[in-house]
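Here is a short briefing on one predicted model. Please keep the sequence and the structure in view while reading.

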Amino acid sequence: MEVQRVNHRTVMGCSTGKRMFLSEGLAEEALIQNHIRNDYRPGEGPTNIYECAICGAWHFTSKNAIHPLLEDPDVIKRIETERRAYLWEQRLK
Ligand SMILES: [Zn+2]
C-alpha cells in the first residue's frame with residue numbers, strides 16, 4: 001500500500017539525486033542489503049536513513065549517527081552470514 005502515498009515528485013525523482021525508498025522499512029532493509037554487498041570499514045558507506053523534506057521518500061545518509069539496526073547483534077550476524085553467501089555466489093558466476 002506504500003505506492004498510494006507516493007506523490008508526483010517522488011515518482012519523478014528527488015533533486016538530491018539519491019536513491020529513494022518509499023518507506024522507512026524499505027530503506028532499513030536496503031541499508032542492511034547495502035552492507036551485505038559492500039564490505040565497509042567503520043566510518044565508510046551509508047550509516048543511516050532519513051525522511052527527505054524535498055520528496056517525502058527515504059534516503060541513505062552517511063552523515064548522521066549509525067542506525068541502531070546496524071549495531072544490533074542479530075543484524076550484524078545476519079550481515080556477516082549473508083555476505084559470506086553473497087561472496088560465494090559471486091565466485092560461482
Ligand atoms: Zn528526497
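Helices (H or I, at least four residues) and strands (E, at least two) are DSSP runs, numbered from the N terminus. Residues are numbered from 1 along each chain as its sequence is written. The model is predicted: local features need pLDDT of at least 70, side-chain atom pairs count only at pLDDT 80 or more, and totals for chains, interfaces and linings use all residues.

**Hairpin**
- Strands S1 (residues 48–51) and S2 (residues 58–61) run antiparallel and are joined by 4 bridges; pairing takes at least two DSSP bridges.
- Between the strands lie 6 residues, among them Gly56, with a positive phi near 80°.
- Ile49 faces Phe60 in S2.

**Core**
- The largest nonpolar core has 7 residues: Phe21, Ala27, Leu31, Ile49, Cys55, Ala57 and Trp58.
- Such a core is a set of buried Ala, Val, Leu, Ile, Met, Phe, Trp, Tyr and Cys residues joined through C-beta atoms within 7 Å.
- Buried means 20 or more other C-beta atoms within 10 Å of a residue's own, exposed 12 or fewer, and partly exposed in between, with C-beta atoms placed from the backbone.
- Leaving out residues up to four places away in sequence, Ile49 touches Glu24, Ala27, Glu28, Leu31, Trp58, His59, Phe60, Thr61 and His67; contact means C-beta atoms, placed from the backbone, within 7 Å.

**Helices**
- Pro68 belongs to helix H3 (residues 68–71).
- Pro68 is exposed, because 10 other C-beta atoms lie within 10 Å.
- Pro68 and Thr47 are 21 residues apart in sequence, and their C-alpha atoms are 9.5 Å apart.
- Helix H4 (residues 73–92) has 20 residues, of which 1 is buried, so H4 lies largely in the open.

How values were computed: Contact = placed C-beta atoms within 7 Å. Expected span 1.5 Å × (residues − 1).
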